[in-house]
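Walk through this structure with me. We begin at the ligand and then turn to the nonpolar cores.

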Amino acid sequence: MTEPCTYVIFGATGNLSRVKLMPALYHLEVAGKLPHGTRILALGRRDWDNERCIREVREWLKQKVRNELDEEVFEAFARRIDYFQGDLSDPAMYAGLRKHLADDAGFPSNVAYYMAISPSQFNDAVDRLGNEQLFEEGAGWKRVVIEKPFGYDLESAQSLQRSIGRHLREEQIYRIDHYLGKGTVQNVLVFRFANTMMEPLWNRNYIDHIQITHSETLGVGSRGPFYDGTGAMRDMIQSHLLQLLTLVTMEPPVSMEAEALRDEKVKVLKSVRPISPRAVHAHAFRAQYREGSMGNERVAGYLQEDKVPPDSVTETYAALKLYIDNWRWRDVPIYLRTGKRMAQQQSMVSICFRHPPQQFFRGTQVEQIKQNWVLLGIQPCECLRMEMTVKEPGLEMRTRQTSLDASLRGDDESQTDAYEELLLDVIDGDRSLFLRYDEVEQAWRVVDPILRSWSTNQDFIHTYPAGTWGPGESQRLFDTEEHHWRHSLDPD
Ligand code: BG6
């Protein structure tokens, strides 16, 4: 059985803690997965005491838990929670925290510090924890969980790494990308490496191009200040979508062990063809939503969102074309795309196979045989589909697309949130679903030329009405006129 630990949550009263961390920890409690004796120290600026904190957590959970809140389980969960009031920017807070942890023998000496705080605060918080000897491992392990984005660009990521590296060994750092905790994302590996029929086809000889899409119907909501300094390229592509790309394209690792997996992911990122400043226009596209309709509702444009500067050119839609210069993928275009306030919420990987030869069908009504697609639905539909061509019933030779559906989860099978798995992995010391520093650095190398070019071109950004699939101009990224964005898991 895993040893108990103290989860210290920095930013415990913030959004991430409300909507993800506390619900995930509660669900682990429901599943009986939290080791006996595990405690949660919620750290925030607000003037709360334990009782108030527990009351608030209860309210958050009522909105977020999958089934109704189980009062008995909640009581057990609440017994684990303590509140510690403190301001991250106050150096004296860290000494207070040390004393608080030391004075109560009930806090397990294994400690995971979860940084659910603004990325600009990571550095100082780690520095001060380190200076206060809060990472000393004499009695138990000490781990730090850092949310994305790790840095703001290549240079700042390097500097953050140097700085936290003074206090922490790589094994103590858990750089989280919650996409990797999604069951369907992990299934990419199972699909590729547990099905013999896929591997021989998974290369440039058979695959025409790959698309990775994450579209959302929500706007930036209350996250305006964070988002405006971030944009879609940093928020989604540099992290989640490039991670998906590595899983779809990497060579088979020798094992599921963390280093083996991460070695292969880094190799792919290193093989991505660098985008020169002159090629940015051909490889990347950005846009911003304007006012529009989501169903029957009129919604504001990005510039009208709360706390967004009226002249902002931050992108809420970003698309990118990449090539991986290795034997498996040379010249296969890989298109990545993400956007807020789009027509549908959809995360999927779409793999388009090459055209079959047509001569067999000459002289029939079949004009053109469509290409096969393999579609991996990440969310909301968790599924795996293969699109094939079959003959239409009837006397004539006509064809149509049909899809073989290998759904991943039956209705009676439980669903877990990515954070549940990842929070447990931290306690277990399993880093395979967390990012190693070189992965993060290589991912920044991929997008850095684009970010630099965009930051110097601040005069114009394409716009799209909320509730649509983004501007048609993004078509300019496609290698050929035959390529088009695949929006749906259903046959075209
Ligand atoms: C986060 C981004 O990392 O991922 C958000 O900051 C985005 O902007 C979210 O909405 C998407 O994750 P999920 O799990 O909701 O698809």
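Which residues are around the ligand? They are Lys 148, His 178, Lys 182, His 214, Glu 216, Arg 223, Asp 235, Met 236, His 240, Lys 340 and Gln 379, each with a heavy atom within 4 Å of the ligand. This is a predicted model: local features need pLDDT of at least 70, side-chain atom pairs count only at pLDDT 80 or more, and totals for chains, interfaces and linings use all residues. Residues are numbered from 1 along each chain as its sequence is written, and side-chain values use heavy atoms, without hydrogens and water.

Now the polar contacts (pairs of N or O atoms within 3.5 Å). A polar side-chain atom of Lys 182 sits 2.6 Å from a ligand oxygen. For His 240, the distance to an oxygen atom of the ligand is 2.7 Å. A side-chain N or O atom of Gln 379 lies 2.5 Å from a ligand oxygen. The ligand has 400 Å² of accessible area on its own, and the protein covers 79% of that (Shrake-Rupley, 1.4 Å probe). Helix α9 gives the most to the shell, three residues; helices are DSSP runs of H or I, at least four residues, numbered from the N terminus.

Next, the packing. The largest nonpolar core has 142 residues. Such a core joins buried Ala, Val, Leu, Ile, Met, Phe, Trp, Tyr and Cys residues through side-chain atoms within 4.5 Å, where buried means under 20% relative accessible area with a 1.4 Å probe, protein chains only. Phe 10, Tyr 113 and Met 115 have the most contacts inside this core. Its largest share, 10 residues, comes from α9 (residues 231–249).

Key. Buried < 20%, exposed > 50% of the residue type's maximum accessible area, 1.4 Å probe, protein only. Helix = DSSP H or I, 4+ residues; strand = E, 2+ residues; numbered from the N terminus. Polar contact = N/O pair within 3.5 Å; in protein donor to acceptor, adjacent residues only side chain to side chain.
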